[in-house]
2 protein chains.
Amino acid sequence: MEYMTGRAIEVITRAEYVIGNDSYLDPIKPLLAGKQVIRSSMGKEVERAKKAIELAVSHTVAIVSGGDAGVYGMAGIVLEVLEHSGAEIPVEIVPGVTAANAGASLAGSPLSGDFATISLSDLLTPLEVIERRLDAVFSVGIPVVIYNPRSHGRPHNFALAIEHARKFYPATVPVAIIKNALREDQSDPVITTLGEIEKVIDIIDMHTTVIIGGSESRIWRMGNHVKGIITPRGYHHKYVY
Amino acid sequence: MEYMTGRAIEVITRAEYVIGNDSYLDPIKPLLAGKQVIRSSMGKEVERAKKAIELAVSHTVAIVSGGDAGVYGMAGIVLEVLEHSGAEIPVEIVPGVTAANAGASLAGSPLSGDFATISLSDLLTPLEVIERRLDAVFSVGIPVVIYNPRSHGRPHNFALAIEHARKFYPATVPVAIIKNALREDQSDPVITTLGEIEKVIDIIDMHTTVIIGGSESRIWRMGNHVKGIITPRGYHHKYVY
């Protein structure tokens, strides 16, 4: 809960019902005492949203997502279902630290300037659309944060994304692999390059965020240690330091 | 401070020195009692980073940025200057809620899926690079969060960005204008469209975040009220609700 905002803690504390997946509910256990807790599961997002709106007609309901609810989280589907229901219920989206920013904070400053986030899950987006998006952002050299990089259901999408990156970038472009960022089971981020990524590809799973640096990103070292990635914003063109 | 994480509050509380602009220091005044506070100003980022590293050799120093320090914030330049100095000083980047997520939370769910952030400041990035990036992301229909949309020094960059959007999008694509998101002087977000943006362009300044929806984004209504933007993730292709 160290990385939740005060506002997020407050609205959960005030709610009568709290709805979410186990993986989002377990870390906030201290906030759940005395509440009605509804545990849902992956793939049941529409059902979860419907249930929440049904309850929200007469109760205060909090739906929890990991990271930021507005980014690959529950905010969108809740609003879609709410709009479709025609109910006029006050709703507040509480922002949070999304995996892009959580992951970046552990890997130096890879997203200092412009960046894009792209999910490799083709459950809701056709794979060819994802490929076109990857090409578009790689073609202009901005860092990309990969969400949902690899799962049992789609073991090949990540390798495909790397193929696309290699069309535009040299092997030296840095890549950060961050597993369970800012969660209890967080492991040290792995800093590698596009050329060497195959050596570590097996550690990538659904709980991993991958940041592929942009054309100006480079490895950040302290002494002899590789510490992360720096994407300079361009101060070095203007200042001496 | 309601939208700061517990960790951010903790590290500032523990610091001996706190360095930042007035606009970032004023909202955290309650945390600053008894500390050495160094007030810097816009455009002095390199100087601020140097000062922080100089002090950090023998003190605990916190540098505050608005939003997330890793996104158009101080993290990058601090690491660049630190690396250049050769000093081996422990450094922690504390992630936060960046303006993209703060702004989106007030405007429905415009960033439900893939998105990009692009700054229109051409102080450190050439304007033609910014234009190419805009075209690339508009060409694949993903929502774009515009940082630094308009200032006295560059009144025309925002209109130029809109011209680029119009090459790819119909006039119906929704746009959200969010001023001082989640700050004390926050105003209600303005929800408009690409076709009507000129009517409200004057309210856009340096403290504004603009979200230009993607090809699938639409206006979100509750009853007769325009409430924000929804970018559906595609659940409607798979589920009935």
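Q: Why is B:Arg218 called partly exposed?
A: Buried means under 20% relative accessible area and exposed over 50%, with partly exposed in between (1.4 Å probe, protein chains only). B:Arg218 has 30% relative accessibility, so B:Arg218 counts as partly exposed.

Q: What kind of model is this, and how are its parts labelled?
A: This is a predicted model, in which local features need pLDDT of at least 70 and side-chain atom pairs count only at pLDDT 80 or more, while totals for chains, interfaces and linings use all residues. Residues are numbered from 1 along each chain as its sequence is written, chains are lettered from A and ligands numbered from 1 in the order in which they are written, and side-chain values use heavy atoms, with hydrogens and water left out.

Q: What makes B:Arg218 and A:Glu83 a salt bridge?
A: A salt bridge is a side-chain nitrogen of Lys or Arg within 4 Å of a carboxyl oxygen of Asp or Glu. The closest N and O atoms of B:Arg218 and A:Glu83 are 2.6 Å apart. B:Arg218 lies in strand β10 (residues 218–222) of chain B and A:Glu83 in helix α4 of chain A, so the pair joins two chains. Helices (H or I, at least four residues) and strands (E, at least two) are DSSP runs, numbered from the N terminus.

Q: Where do A:Lys51 and A:Glu54 lie?
A: Both are in helix α3 (residues 45–56) of chain A, 3 residues apart, about one turn of the helix. A:Glu54 has 54% relative accessibility, so A:Glu54 counts as exposed, whereas A:Lys51, at 35%, is partly exposed.

Q: How many residues does each chain give to the contact?
A: Chain A gives 77 residues and chain B 77 residues, where contact means heavy atoms within 4.5 Å. Across this interface there are 6 salt bridges.

Q: What makes the two β5 strands a pair?
A: Two strands pair if DSSP finds at least two bridges between them. Strand β5 (residues 115–119) of chain A and strand β5 (residues 115–119) of chain B have 3 bridges, in the antiparallel sense. A:Phe115 stands opposite B:Thr117.
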